[in-house]
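Open the model in your viewer and colour it by secondary structure.

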Amino acid sequence: MNTSITGKQFELTDPIKSYIQNAFDSLNKYNLDIISGRCVVSADEKNGKKGFSVEFAINLARKDTIVIRQKDKDLYAAVDLAIDRASKVLRREHDKNVTVKNKDDGKAIRATIADEPNDEDIDEVIPMELELYKPLEIEEALAKLKDSDMQFYVFNDIDAKMRVLYKRSDGKFGLY
């Protein structure tokens, strides 16, 4: 990761630069493709009060740039707060990439040209005769379901409504 640390209206010392560099290095734990990071430290003075403004800009591959601005009286506190916020954003981005929806668990089948299809891998489709069903009374459908070992029976009733008759676990029958 390329890092750039600059100071505006403020002289950066070596301890401050190394502190900010260590803060950038702590962001690598999220295994995101961080291209570069930029930190701009500026000294602010309003109404006789001194303060520091820290701006972090983190460039991720194939994502938008993350920009975080933080102001505080203490420079190290401002850096810590900005890194905490950056860490939170990067953790959320990492979680988006690792969710079950985006995870490739290796079960996807990838075919190559050299692969030959095996007869064992091919599912066999057996054609069946299609019976055209006339509308049934509920009692007729119940008799057909009782005579078979099926769990449910779909039929059209006399009113041309599609109905489902099913066996319940308590031995009774249900009707939708």
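Two strands pair if DSSP finds at least two bridges between them; strands (E, at least two residues) and helices (H or I, at least four) are DSSP runs, numbered from the N terminus. This is a predicted model, in which local features need pLDDT of at least 70, side-chain atom pairs count only at pLDDT 80 or more, and totals for chains, interfaces and linings use all residues. Residues are numbered from 1 along each chain as its sequence is written, and side-chain values use heavy atoms, with hydrogens and water left out.

Select the four strands. They form an open sheet in the order β1-β2-β3-β4, with mixed pairing. β1 (2–8) and β4 stand at the edges with a single partner strand each, so one side of each has no neighbour in the sheet.

Next, show β3 and β4. Their pairing is antiparallel, over seven bridges. Pick Phe-56: its bridge partner in β4 is Ile-68.

Finally, select Ser-36, in strand β2 (residues 34–46). Is Ser-36 buried or exposed (over 50%)? Ser-36 counts as buried because its relative accessibility is 17%. Leaving out residues up to four places away in sequence, Ser-36 touches Met-1, Asn-2, Ala-57, Ile-58 and Asn-59.

Conventions:
Buried means under 20% relative accessible area, exposed over 50%, partly exposed in between (1.4 Å probe, protein chains only). Contact means heavy atoms within 4.5 Å.
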